[in-house]
Amino acid sequence: MEQAIEIIRNEHRRFATVLFCLEGVLKDLRRTGAMPDVALMETIVDYIDSFLDRYHHPKEDEYLFPALQQRHPAAGALLDRLQTQHRDGERLLAGMKRALADLAAGGADALSALTDAATAYIAFEREHVRIEETELIPLAEKHLLARDWAFIAAAFAENQDPLFGDDRKRRFERLFTKIVTMAPAPHGVGAPLTAGNGR
Ligand SMILES: [Fe+2]
Ligand SMILES: [Fe+2]
């Protein structure tokens, strides 16, 4: 498989893991009625925001999408749809951030607003990744030329582009580890959430 595609797919898996963790935390909250761990939720939202906006989407918007548009113009409608979804996802995430800030400030009904926003966000992003995995990537594999892949690989290569470089990667690794460490088992490796230890 092309190295660039492998990087994109690995990032989708990493993102899916964080969404799964978020979904599990929400299920626990509904089951136990405990208050959410605001610090954990903030870390998850911070990770997703930084990861998508500054790390993952630029790889797609600035390199993969234009290359496919050039080699296979018939993919234009699909690429427009995916780029619109990037923007819509940012709006949904911003809504989740607002609901989380309300919750931290003790706002009435903030918890149900947060769970509604997060549930909608998870479903939206899962569908987006599904379309990329099942439609975008197969088209890219079919139509991009070796020189396109070489150009994209050079752009993605660590240490060569400050956008995707080692420091940034290390920061995401630290944030990811923090989420997995904080999240209650079985969604992470933290202490399981019970009605008695809700935070
Ligand atoms: Fe995307
Ligand atoms: Fe993606």
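Let's start at the metal: the site of the iron ion (ligand 1) is irregular, with angles of 85 to 174° among its 4 donor atoms. Donors here are N, O and S atoms within 2.8 Å of the metal (3.2 Å for Na, K and Ca), and water is not among the atoms, so sites may look incomplete. As for "irregular", four donors count as tetrahedral if all angles lie between 85 and 135 degrees; four count as square planar and six as octahedral if opposite donors are over 155 degrees apart and all others between 65 and 115; anything else is irregular.

Some ground rules: this is a predicted model, where local features need pLDDT of at least 70, side-chain atom pairs count only at pLDDT 80 or more, and totals for chains, interfaces and linings use all residues. Residues are numbered from 1 along each chain as its sequence is written, chains are lettered from A and ligands numbered from 1 in the order in which they are written, and side-chain values use heavy atoms, with hydrogens and water left out.

So who holds the iron ion (ligand 1)? Glu60 (OE), His86 (NE2), His128 (NE2) and Glu132 (OE) coordinate the iron ion (ligand 1), at 2.0 to 2.2 Å. Along the chain, these donors follow the spacing E-x25-H-x41-H-x3-E. His86 lies in helix H3 (residues 76-104) and Glu132 in helix H4 (residues 110-143), so the pair ties together parts that are 46 residues apart in sequence. Helices (H or I, at least four residues) are DSSP runs, numbered from the N terminus, as are strands (E, at least two). His86 is buried at a relative accessible area of 3%, and Glu132 is buried at 0%. Buried means under 20% relative accessible area, exposed over 50%, and partly exposed in between (1.4 Å probe, protein chains only).

Glu60 bridges the iron ion (ligand 1) and the iron ion (ligand 2), which lie 3.1 Å apart. The iron ion (ligand 2) is coordinated by His12 (NE2), His56 (NE2), Glu60 (OE) and Glu132 (OE), at 1.9 to 2.2 Å. Its 4 donor atoms subtend angles of 82 to 172°, so this arrangement is irregular as well.

Now look at helix H2 (residues 38-71), where His56 and Glu60 sit 4 residues apart, about one turn of the helix. An α-helix has 3.6 residues a turn, so residues three or four places apart point the same way. Both His56 and Glu60 are buried. Leaving out residues up to four places away in sequence, His56 touches Ile8, Glu11, His12, Phe51 and Glu132; contact means heavy atoms within 4.5 Å.

Follow Glu132 back to H4 and you'll find a kink of about 35° centred on that residue. The bend at a residue is the angle between axes fitted to the seven residues ending there and the seven starting there.

What about the nonpolar parts? A nonpolar core is a set of buried Ala, Val, Leu, Ile, Met, Phe, Trp, Tyr and Cys residues joined through side-chain atoms within 4.5 Å. The largest one has 34 residues, and Phe15, Leu22, Ile44, Tyr47, Ile48, Met96 and Tyr121 have the most contacts inside it. Helix H1 (3-32), H2, H3, H4 and helix H6 (166-182) each give two or more residues to this core, and H2 gives the most, with 9 residues. A second, separate core of 21 residues includes Ala4, Ala75, Ala140 and Ile152.
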